[in-house]
Amino acid sequence: MIIGVGLDIIELNRIENLAKRQQKFAQRILSKTEMNKYESLVGNRKIEYLAGRFAAKEAVSKALGCGIGKNLSFQDVEVVNNGIGRPVMKVNKGEFKQINIHLSITHTKSYAAAQVVLESFS
């Protein structure tokens with residue numbers, strides 16, 4: 001049963017400016033695993049990756065209905081790629097662990113967007 005849907009879109013230049021102005025911006029948004037991948041990327045791909053993860057985490061917080069803040073932080077959510085490259089999202093926080101999360105991330109020249117559909121296991 002579907003229990004939530006979330007969508008987020010972000011401008012790549014906004015994320016690039018934040019990353020330049022705030023030295024620890026990427027570390028605040030990305031888990032250690034995500035950070036390792038981010039540091040291996042170069043050029044615009046680095047900003048696309050960061051913006052895509054930012055949008056995905058915002059989208060899941062919207063689908064959960066709690067937003068990023070007191071009940072869920074950027075560090076509670078991790079996006080990794082499975083064996084064929086599909087992004088897979090994990091929420092590492094209490095009651096949110098029991099939800100199946102379907103995720104799609106996309107990029108254009110100027111934007112990154114993510115959509116999340118939450119499904120209960122029961």
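I started with helix α3 (residues 32–40) and helix α4 (residues 44–64), whose axes come within 8 Å and cross at roughly 155 degrees. The axes are lines fitted to C-alpha atoms over the stretch in contact, with angles from 0 to 180 degrees between N-to-C directions. Helices (H or I, at least four residues) and strands (E, at least two) are DSSP runs, numbered from the N terminus. I therefore noted α3 and α4 as roughly antiparallel to each other, a label for angles over 145 degrees.

Next I looked up who makes the contact (heavy atoms within 4.5 Å). From α3 I listed Glu34, Lys37, Tyr38 and Glu39, and from α4 Lys46, Tyr49, Leu50, Arg53 and Lys57. By class, I have three nonpolar, no polar and six charged residues in this contact. Here Tyr and Leu count as nonpolar, and Glu, Lys and Arg as charged.

A note on the source: this is a predicted model, where local features need pLDDT of at least 70, side-chain atom pairs count only at pLDDT 80 or more, and totals for chains, interfaces and linings use all residues. Residues are numbered from 1 along each chain as its sequence is written, and side-chain values use heavy atoms, with hydrogens and water left out.

Then I turned to the strands, which pair if DSSP finds at least two bridges between them. Strand β5 (residues 111–120) runs antiparallel to β1 (residues 2–11), joined by nine bridges; I found Gly6 bridged to Val116 of β5. Nine bridges also join β5 to β4 (residues 99–107), again antiparallel, and His107 stands opposite Ala112.

Note on methods. Parallel < 35°, antiparallel > 145°, perpendicular 65-115°, else oblique.
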